[in-house]
Amino acid sequence: MRGEEWQDKKMVQQNQFKRIGWNALWVIALIIVFIPISGESIWMGESLTLYAGGQQSLGDALQSMDEVTWTKQYMPGYTTYIWLWEKIWGDGEWMVRLSNWPCLALLLISVYFLPFSRWQKGILLVTYTLHPFIWTHMDEAKPTMMLLCCAGIALHGFIMYFYGKGRIQNIGRFLLVVGVLVGVATHTLFALTGVSLLFLWAW
């Protein structure tokens with residue numbers, strides 16, 4: 001009897017260690033993605049971001065979209081986000097590029113709830129954390145990372161809704177809708193992807 005109790009206790013401890021190690025993997029990933037962010041001088045492609053964020057009011061920031069004739073006109077959500085970010089955290093090079101981190105953090109956290117095995121989720125987490133494309137765009141004050149993360153979150157939600165059960169399915173529905181709506185607000189051309197995902201979800 002004592003032997004069985006000892007084995008049960010040992011199994012519980014092993015499961016606790018595995019759970020702690022599994023959760024620690026996510027914390028490590030969230031720290032690693034800070035590495036590619038640099039304080040190098042802002043380059044021309046990022047200057048429009050700083051210009052919008054440097055406006056005195058949100059109305060001025062949104063109105064600044066009319067002063068250019070290319071893709072910035074389609075970025076009301078990102079313009080609003082970067083304006084709020086700069087007002088809270090400042091407009092230094094490193095801090096402005098750090099605005100990409102919350103978006104990627106939410107994408108990584110959404111991996112945790114996918115109805116996959118731990119190995120599958122671990123591989124996906126490592127891919128997101130260490131992929132050169134991610135590292136390149138983490139160091140740019142542009143909407144690319146936000147759009148990528150919205151697409152990823154919406155896709156994860158789609159998978160959870162169709163392949164998950166119970167609470168996971170409900171979380172998937174929420175992530176799909178939020179990912180699409182925030183993505184469309186970030187850049188209106190995201191609607192081309194968003195409408196397709198919402199259609200599949202409704203179907």
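Reader: What share of the contacts in the protein with a separation of 6 or more comes from residues 24 or more positions apart?

Author: A contact means heavy atoms within 4.5 Å. Here, residues 24 or more positions apart account for 68% of the contacts with a separation of 6 or more. This is a predicted model, in which local features need pLDDT of at least 70, side-chain atom pairs count only at pLDDT 80 or more, and totals for chains, interfaces and linings use all residues. Residues are numbered from 1 along each chain as its sequence is written, and side-chain values use heavy atoms, with hydrogens and water left out.

Reader: How many helices and strands does the protein have?

Author: Both are DSSP runs, numbered from the N terminus: helices are H or I with at least four residues, strands are E with at least two. This protein has eleven helices and zero strands. From the N terminus, its elements read α-α-α-α-α-α-α-α-α-α-α.

Reader: At what angle do the axes of helix 6 and helix 7 cross?

Author: Axes are lines fitted to C-alpha atoms, for helices over the stretch in contact, and angles run from 0 to 180 degrees between N-to-C directions. Helix 6 (residues 100-112) and helix 7 (residues 118-130) cross at roughly 170°, and their axes come within 9 Å. Helix 6 is therefore roughly antiparallel to helix 7. The cut-offs: under 35 degrees is roughly parallel, over 145 roughly antiparallel, 65 to 115 roughly perpendicular, the rest oblique.

Reader: Which residues meet there?

Author: From helix 6, L107, L108, V111 and Y112; from helix 7, K121, L124, L125, Y128 and T129. The residues of this contact divide into seven nonpolar, one polar and one charged. Nonpolar covers Ala, Val, Leu, Ile, Met, Phe, Trp, Tyr, Cys and Pro; charged covers Asp, Glu, Lys and Arg; the others, Gly among them, are polar.

Reader: How is helix 6 packed against helix 9?

Author: Helix 9 spans residues 144-163; the angle is about 15° and the axes are 9 Å apart. So the two helices are roughly parallel to each other. Their crossing is left-handed. That term applies if the near helix is turned anticlockwise from the far one by less than a right angle; clockwise gives right-handed. Helix 6 contributes N100, C103, L104, L106, L107, S110 and V111, and helix 9 contributes M145, M146, C149, G152, I153, H156 and M160.

Reader: Is L108 buried or exposed?

Author: Buried means under 20% relative accessible area, exposed over 50%, partly exposed in between (1.4 Å probe, protein chains only). L108 lies in helix 6. L108 counts as buried because its relative accessibility is 0%. Setting aside neighbours within four places in sequence, L108 is in contact with W26, A29, L30, V33, L125, Y128 and T129. W26 is 82 residues from L108 along the chain, yet their C-alpha atoms are separated by 7.6 Å. Across the protein, buried residues make up 37% of the 203 residues.

Reader: How many salt bridges does a search of the whole structure find?

Author: Side chains of opposite charge can pair when their charged atoms come close. The criterion is a side-chain nitrogen of Lys or Arg within 4 Å of a carboxyl oxygen of Asp or Glu. The search finds one. R97 and D139 form a salt bridge, at 4.0 Å from N to O. The pair is 42 residues apart: R97 is in helix 5 (residues 93-97), D139 in the loop between helix 8 (132-138) and helix 9. R97 is buried, at 2% relative accessible area.

Reader: What does S38 touch?

Author: Not counting residues up to four places away in sequence, S38 touches E93, W94, R97 and D139. S38 sits in the loop between helix 1 (2-32) and helix 2 (44-53). Its relative accessible area is 16%, so S38 is buried.
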